[in-house]
Amino acid sequence: MNSFFIEFRDPLFGIIVFFVLVFVIAFFSYWLGRYKKQEDYRHLDKFLRQFRTLPSQNELKVLITKGELSEKSWLHLAHSYAKNGDYEKSIEIYNELLNVGDKSSYRDTMFLLGRTYFKAGFLERAKQVFLEILKNNPRTPQALKYLLLVYEYMREYTLALEVLEPLDELHKDIECDRVYLQVLSLLNDVTIPPEVKTQELLSIYRKTNYLTYMIFEYLFRVNPKLAWENFDNSKSELLIDILWHVDTKDLDLDIIAKNGYLRELYTARGDIELASKSSVFEFDVMIHLKNRVNTTLSFEHICDGCKHVFPFAFNRCTHCHAIDSSRVEFSLIKDYHRDLSEENNSFQ
Ligand SMILES: [Zn+2]
């Protein structure tokens, strides 16, 4: 026992104990630090996961019922979801707000719900919502306008035309909508033969002077001869993409020869040689190249109302719902179609 105490008091033993203690403390603090770091990462992962996964319907129900966020904040959130294309989540929020929200803003929330149904393509549900709004508040032009759009998308043109009456009573400008719906109804009626449709379209055009692009697109497609006979020279630029795609055999050279713009257009395309230059840059380049380089025109359509750009022609803008607001812009591009047909010919 004595010998043990002597060794315990030995300075060397004290140094060993000191180093062991330092090692143990260093070891524990290292592991503690590592564990804490891992916990931090997990916490951050958990925090970020909330933004990747959307709350379920039940979670939303609880959150909205709790009332921690104002109704306005929920409306902003629903609007953001819809803007990002998550219509389902947006619809869930609107539906829940209709159940528990402020009754004074019930009609506004109903309208937002109907509009989201419409944008998401649930036309039948959108129709029910707008009809419900109009049942209690018939003088709501916004709901009437959307109901008209719903009927138009559902191809219920007679019902859409009926919606114009209350809009007219509310002193809204409905003339363009009326003509547009009449033309749509005519074009989609399979019982009317094309020759009757073309005559009726021309009669509508002469009376109203609306929907030049829509009417002449059909005329040039179905009866190019009649389209040229009724062609309005002042509309050449508006119809440039239609004119550019008219088949060579369907060109009316008498009319083209009398119109400077058309002479330059078809000289640029290589059908005739009636212009040596053009004030339009794209035509001028193509006239000077004389078909030696594979170039053609590419078209895009811009809505004058909302400035949205579409790669295809439209008669009613899908973004702002304006009618006849399309403006065509064009640029020079490589003619891949000609490249391809030359390649195919070289294999023969
Ligand atoms: Zn637009």
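Tutor: Two residues are in contact if their C-beta atoms, placed from the backbone, lie within 7 Å. This is a predicted model, where local features need pLDDT of at least 70, side-chain atom pairs count only at pLDDT 80 or more, and totals for chains, interfaces and linings use all residues. Residues are numbered from 1 along each chain as its sequence is written.

Student: Of the contacts between residues at least 6 apart in sequence, what share joins residues at least 24 apart?

Tutor: That share is 44% in the protein.

Student: What percentage of the residues is buried?

Tutor: Of the 348 residues, 22% are buried, meaning that 20 or more other C-beta atoms, placed from the backbone, lie within 10 Å of the residue's own.

Student: How far does the C-alpha trace span along its principal axes?

Tutor: The spans are about 130 × 65 × 40 Å.

Student: And which domains is the protein divided into?

Tutor: Domain 1 covers 55-172, domain 2 covers 175-232 and domain 3 covers 294-348; the bounds come from an automatic or database domain assignment. Between the C-alpha centres of domain 1 and domain 3 there are 34 Å.

Student: Changing topic, at what angle do helix α9 and helix α10 pack?

Tutor: α9 (residues 157-169) and α10 (residues 175-187) pack at about 170°, and their axes are 10 Å apart. Helices here are DSSP runs of H or I, at least four residues, numbered from the N terminus. Axes are lines fitted to C-alpha atoms over the stretch in contact, and angles run from 0 to 180 degrees between N-to-C directions.

Student: So parallel or antiparallel?

Tutor: Roughly antiparallel, therefore, as angles over 145 degrees count as such.

Note on methods:
Buried ≥ 20, exposed ≤ 12 C-beta atoms within 10 Å, placed from the backbone. Helix = DSSP H or I, 4+ residues; strand = E, 2+ residues; numbered from the N terminus. Parallel < 35°, antiparallel > 145°, perpendicular 65-115°, else oblique.
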